[in-house]
Amino acid sequence: MNAAKRLEIFTRFRAANPKPMTELEYSTPFELLIAVLLSAQSTDVGVNKATRLLYPVANTPAAILALGLEELKGYIQTIGLYPTKAKNVIATCRILVEQYGGEVPRTREQLVELPGVGRKTANVVLNTAFGEIAMAVDTHIFRVSNRTGIAPGKTVEIVEQKLLQFVPKQFLLDAHHWLILHGRYTCVARKPQCWNCMIADLCDYKSKSATPQQV
(Lines give C-alpha, C1' and ligand atoms only; values in the text may rest on other atoms or scores of the structure.)
Protein backbone atom coordinates (compact mmCIF):
# COMPACT_ATOMS: atom_id res chain seq x y z
CA MET A 1 0.00 0.00 0.00
CA ASN A 2 1.31 3.45 -0.87
CA ALA A 3 1.17 6.75 1.00
CA ALA A 4 -1.61 8.17 -1.19
CA LYS A 5 -3.93 5.29 -0.30
CA ARG A 6 -3.18 5.60 3.40
CA LEU A 7 -3.91 9.31 3.25
CA GLU A 8 -7.27 8.67 1.57
CA ILE A 9 -8.16 5.89 4.02
CA PHE A 10 -7.69 8.07 7.08
CA THR A 11 -9.31 11.04 5.36
CA ARG A 12 -12.43 8.90 4.95
CA PHE A 13 -12.26 7.63 8.52
CA ARG A 14 -12.10 11.19 9.82
CA ALA A 15 -14.91 12.39 7.57
CA ALA A 16 -17.18 9.61 8.83
CA ASN A 17 -16.19 9.99 12.50
CA PRO A 18 -14.41 13.30 13.20
CA LYS A 19 -14.03 12.75 16.95
CA PRO A 20 -13.64 9.02 17.60
CA MET A 21 -13.75 7.87 21.20
CA THR A 22 -13.18 4.71 23.17
CA GLU A 23 -16.32 2.73 23.95
CA LEU A 24 -15.15 2.25 27.54
CA GLU A 25 -16.97 4.59 29.90
CA TYR A 26 -14.78 6.77 32.13
CA SER A 27 -14.52 10.30 33.52
CA THR A 28 -10.94 10.38 34.85
CA PRO A 29 -7.58 8.91 33.79
CA PHE A 30 -7.80 6.52 36.75
CA GLU A 31 -11.22 5.25 35.70
CA LEU A 32 -9.90 4.68 32.18
CA LEU A 33 -6.82 2.86 33.48
CA ILE A 34 -8.92 0.45 35.54
CA ALA A 35 -11.43 -0.06 32.72
CA VAL A 36 -8.69 -0.94 30.24
CA LEU A 37 -7.03 -3.23 32.78
CA LEU A 38 -10.36 -5.03 33.22
CA SER A 39 -11.00 -5.23 29.47
CA ALA A 40 -8.30 -7.80 28.67
CA GLN A 41 -10.04 -10.76 27.01
CA SER A 42 -13.38 -9.12 27.80
CA THR A 43 -15.75 -6.86 25.91
CA ASP A 44 -16.12 -3.13 26.49
CA VAL A 45 -19.84 -3.73 27.01
CA GLY A 46 -19.15 -6.18 29.82
CA VAL A 47 -16.60 -3.88 31.46
CA ASN A 48 -18.98 -0.92 31.29
CA LYS A 49 -21.72 -2.93 33.03
CA ALA A 50 -19.36 -3.64 35.91
CA THR A 51 -17.85 -0.17 36.23
CA ARG A 52 -21.30 1.45 36.19
CA LEU A 53 -21.82 -0.31 39.52
CA LEU A 54 -18.27 0.06 40.83
CA TYR A 55 -17.40 3.68 40.08
CA PRO A 56 -20.29 5.33 41.93
CA VAL A 57 -19.02 3.50 45.03
CA ALA A 58 -15.26 3.63 44.46
CA ASN A 59 -13.54 5.49 41.63
CA THR A 60 -10.20 6.48 43.16
CA PRO A 61 -7.21 4.36 44.20
CA ALA A 62 -7.85 5.10 47.88
CA ALA A 63 -11.55 4.26 47.63
CA ILE A 64 -10.90 0.94 45.91
CA LEU A 65 -8.27 0.05 48.51
CA ALA A 66 -10.83 0.84 51.22
CA LEU A 67 -13.32 -1.38 49.41
CA GLY A 68 -10.94 -4.32 49.66
CA LEU A 69 -10.27 -7.32 47.46
CA GLU A 70 -13.34 -9.41 48.23
CA GLU A 71 -15.82 -6.56 47.77
CA LEU A 72 -14.08 -5.54 44.56
CA LYS A 73 -14.48 -9.08 43.26
CA GLY A 74 -18.20 -8.80 43.83
CA TYR A 75 -18.42 -5.79 41.54
CA ILE A 76 -16.36 -7.28 38.69
CA GLN A 77 -17.26 -10.99 38.92
CA THR A 78 -19.14 -10.84 35.60
CA ILE A 79 -15.84 -10.04 33.82
CA GLY A 80 -13.56 -12.83 32.61
CA LEU A 81 -10.49 -13.60 34.74
CA TYR A 82 -11.92 -11.38 37.49
CA PRO A 83 -10.00 -12.93 40.44
CA THR A 84 -6.64 -12.13 38.85
CA LYS A 85 -7.81 -8.75 37.62
CA ALA A 86 -9.11 -7.84 41.09
CA LYS A 87 -5.70 -8.62 42.61
CA ASN A 88 -3.99 -6.51 39.96
CA VAL A 89 -6.39 -3.61 40.52
CA ILE A 90 -5.76 -3.65 44.27
CA ALA A 91 -2.00 -3.86 43.77
CA THR A 92 -2.07 -1.07 41.20
CA CYS A 93 -4.15 1.15 43.49
CA ARG A 94 -1.69 0.60 46.33
CA ILE A 95 1.23 1.68 44.12
CA LEU A 96 -0.68 4.72 42.88
CA VAL A 97 -1.41 5.81 46.46
CA GLU A 98 2.03 5.09 47.85
CA GLN A 99 4.20 6.26 44.94
CA TYR A 100 2.15 8.71 42.88
CA GLY A 101 -0.12 10.48 45.33
CA GLY A 102 -3.17 8.74 43.92
CA GLU A 103 -2.53 10.06 40.40
CA VAL A 104 -2.00 8.03 37.22
CA PRO A 105 1.60 8.38 35.98
CA ARG A 106 2.08 9.87 32.53
CA THR A 107 4.96 7.86 31.10
CA ARG A 108 4.83 4.45 29.46
CA GLU A 109 7.75 3.23 31.59
CA GLN A 110 5.88 4.01 34.81
CA LEU A 111 2.56 2.66 33.57
CA VAL A 112 3.88 -0.75 32.49
CA GLU A 113 5.33 -1.27 35.96
CA LEU A 114 1.80 -1.33 37.39
CA PRO A 115 0.41 -4.85 37.98
CA GLY A 116 -1.72 -6.02 35.06
CA VAL A 117 -0.72 -3.10 32.84
CA GLY A 118 1.09 -4.03 29.64
CA ARG A 119 2.26 -1.91 26.74
CA LYS A 120 -1.16 -1.93 25.05
CA THR A 121 -2.96 -0.73 28.18
CA ALA A 122 -0.31 1.93 28.75
CA ASN A 123 -0.69 3.16 25.18
CA VAL A 124 -4.46 3.42 25.52
CA VAL A 125 -4.10 5.53 28.66
CA LEU A 126 -1.43 7.76 27.13
CA ASN A 127 -3.47 8.29 23.97
CA THR A 128 -7.01 8.51 25.31
CA ALA A 129 -6.55 10.06 28.76
CA PHE A 130 -3.54 12.27 28.10
CA GLY A 131 -3.83 13.04 24.38
CA GLU A 132 -0.43 11.67 23.44
CA ILE A 133 0.40 9.93 20.17
CA ALA A 134 0.52 6.23 21.01
CA MET A 135 -0.69 3.19 19.12
CA ALA A 136 -2.35 0.50 21.22
CA VAL A 137 -2.41 -2.53 18.94
CA ASP A 138 -5.05 -5.04 19.96
CA THR A 139 -6.38 -8.00 17.95
CA HIS A 140 -8.69 -5.76 15.90
CA ILE A 141 -5.97 -3.29 14.95
CA PHE A 142 -3.50 -6.09 14.25
CA ARG A 143 -6.01 -7.74 11.91
CA VAL A 144 -7.03 -4.55 10.11
CA SER A 145 -3.44 -3.38 9.69
CA ASN A 146 -2.43 -6.69 8.11
CA ARG A 147 -5.55 -7.42 6.11
CA THR A 148 -5.81 -3.99 4.52
CA GLY A 149 -2.10 -3.53 4.03
CA ILE A 150 -2.03 -0.29 6.03
CA ALA A 151 0.77 -1.57 8.28
CA PRO A 152 1.50 -5.28 7.83
CA GLY A 153 3.64 -7.08 10.37
CA LYS A 154 4.06 -10.48 11.99
CA THR A 155 4.06 -9.15 15.56
CA VAL A 156 2.13 -6.55 17.53
CA GLU A 157 5.34 -4.59 18.06
CA ILE A 158 6.11 -4.44 14.33
CA VAL A 159 2.56 -3.32 13.50
CA GLU A 160 2.74 -0.64 16.19
CA GLN A 161 5.98 0.77 14.81
CA LYS A 162 4.75 0.64 11.21
CA LEU A 163 1.53 2.46 12.10
CA LEU A 164 3.52 5.20 13.81
CA GLN A 165 5.69 5.39 10.69
CA PHE A 166 3.05 5.10 7.96
CA VAL A 167 -0.09 6.83 9.27
CA PRO A 168 -0.07 10.47 8.07
CA LYS A 169 0.90 12.75 10.94
CA GLN A 170 -2.39 14.67 11.02
CA PHE A 171 -4.25 11.41 11.77
CA LEU A 172 -1.89 9.81 14.29
CA LEU A 173 -3.69 10.95 17.43
CA ASP A 174 -7.02 9.35 16.49
CA ALA A 175 -5.81 6.48 14.28
CA HIS A 176 -6.04 3.93 17.11
CA HIS A 177 -9.75 4.62 17.59
CA TRP A 178 -10.63 4.53 13.89
CA LEU A 179 -8.81 1.25 13.36
CA ILE A 180 -10.27 -0.51 16.37
CA LEU A 181 -13.82 0.57 15.49
CA HIS A 182 -13.31 -0.51 11.89
CA GLY A 183 -12.09 -3.90 13.05
CA ARG A 184 -14.86 -4.28 15.59
CA TYR A 185 -17.79 -3.48 13.30
CA THR A 186 -16.75 -3.78 9.64
CA CYS A 187 -13.45 -5.59 9.10
CA VAL A 188 -14.47 -8.38 11.46
CA ALA A 189 -12.46 -11.56 11.93
CA ARG A 190 -14.48 -14.33 10.33
CA LYS A 191 -16.19 -12.59 7.43
CA PRO A 192 -15.28 -8.96 6.84
CA GLN A 193 -18.19 -6.85 5.62
CA CYS A 194 -16.40 -5.70 2.49
CA TRP A 195 -19.69 -4.72 0.84
CA ASN A 196 -20.26 -2.23 3.63
CA CYS A 197 -16.68 -0.92 3.90
CA MET A 198 -15.82 2.71 3.20
CA ILE A 199 -12.26 1.81 2.22
CA ALA A 200 -12.88 -1.39 0.22
CA ASP A 201 -11.60 0.20 -3.00
CA LEU A 202 -8.32 1.13 -1.28
CA CYS A 203 -7.76 -2.08 0.66
CA ASP A 204 -5.16 -4.69 -0.37
CA TYR A 205 -7.24 -7.65 0.85
CA LYS A 206 -7.62 -9.97 -2.12
CA SER A 207 -10.38 -12.24 -0.79
CA LYS A 208 -13.04 -9.56 -0.40
CA SER A 209 -16.34 -11.04 0.72
CA ALA A 210 -19.41 -10.80 -1.46
CA THR A 211 -22.62 -9.10 -0.37
CA PRO A 212 -25.11 -11.40 1.38
CA GLN A 213 -27.36 -11.20 -1.69
CA GLN A 214 -24.55 -12.53 -3.89
CA VAL A 215 -23.83 -15.55 -1.75
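This is a stop-by-stop tour of a predicted model, with what to select at each stop.

**Before you start**

Residues are numbered from 1 along each chain as its sequence is written, and side-chain values use heavy atoms, with hydrogens and water left out. Because the model is predicted, local features need pLDDT of at least 70 and side-chain atom pairs count only at pLDDT 80 or more, while totals for chains, interfaces and linings use all residues.

**Stop 1: the main core**

Select Ile 64, Leu 72, Val 89 and Leu 111. Of the 35 residues in the largest nonpolar core, these touch the most other members. A nonpolar core here is a set of buried Ala, Val, Leu, Ile, Met, Phe, Trp, Tyr and Cys residues joined through side-chain atoms within 4.5 Å. Buried means under 20% relative accessible area, exposed over 50%, and partly exposed in between (1.4 Å probe, protein chains only).

Now colour the helices. The elements that give two or more residues to this core are H2 (29-38), H3 (44-54), H4 (61-67), H5 (69-76), H6 and H8 (119-129). H2 gives the most, with eight residues. Helices are DSSP runs (H or I, at least four residues), as strands are (E, at least two), numbered from the N terminus.

Zoom to Val 89. Not counting residues up to four places away in sequence, Val 89 touches Ile 34, Leu 37, Leu 38, Ile 64 and Leu 72. Contact means heavy atoms within 4.5 Å.

A second, separate core has 22 residues, including Met 135, Val 137, Ile 150 and Leu 163.

**Stop 2: a buried lysine**

Select Lys 85, in helix H6 (residues 82-100). A salt bridge needs a side-chain nitrogen of Lys or Arg within 4 Å of a carboxyl oxygen of Asp or Glu.

Show what surrounds Lys 85. Leaving aside neighbours within four places in sequence, its contacts are Leu 37, Leu 38, Ser 39, Ala 40, Ser 42, Ile 76, Ile 79 and Gly 80.

**Stop 3: salt bridges**

How many salt bridges does a search of the whole structure find? It finds seven. Visit three of them.

Start with Glu 8 and Arg 12. Their side chains meet in a salt bridge (2.8 Å, N to O). The two are four residues apart in helix H1 (residues 3-16), so about one helical turn separates them. Glu 8 is partly exposed at 31% relative accessibility. Arg 12 is partly exposed too, at 23%.

Asp 201 is exposed, with a relative accessible area of 54%. Glu 8, Arg 12 and Asp 201 are linked in a network of salt bridges.

Next, select Glu 160 and Arg 119. Their closest N and O atoms are 2.9 Å apart, in a salt bridge. Glu 160 is in helix H10 (residues 156-166) and Arg 119 in H8, so the pair ties together parts 41 residues apart in sequence. Glu 160 is buried at 4% relative accessible area, whereas Arg 119 is partly exposed at 38%.

**Stop 4: helix H9**

Select residues 139-148, which are helix H9. Seven of its 10 residues are buried, so H9 is largely enclosed by the rest of the structure. The buried ones are His 140, Ile 141, Arg 143, Val 144, Ser 145, Arg 147 and Thr 148. What covers them includes H10 and H11.

Check both ends. Asp 138 caps the N-terminal end, with a side-chain oxygen 3.1 Å from the backbone nitrogen of His 140. Just after H9, Gly 149 takes a positive phi of about 95 degrees.

**Stop 5: Arg 147**

Stay in H9 and select Arg 147. Is Arg 147 buried or exposed? At 14% relative accessibility, Arg 147 counts as buried.

Follow its side chain. It reaches the backbone oxygen of Val 188 at 2.8 Å and the backbone oxygen of Cys 187 at 3.4 Å. These are polar contacts: pairs of N or O atoms within 3.5 Å; within protein, one must be able to donate a hydrogen and the other to accept it, and residues adjacent in sequence count only if both atoms are side-chain atoms.

Finish with the wider surroundings. Beyond neighbours within four places in sequence, Arg 147 is in contact with Cys 187, Val 188, Ala 189, Pro 192, Cys 203, Asp 204 and Tyr 205. Arg 147 and Cys 203 are 56 residues apart along the chain, and their C-alpha atoms are separated by 7.9 Å.
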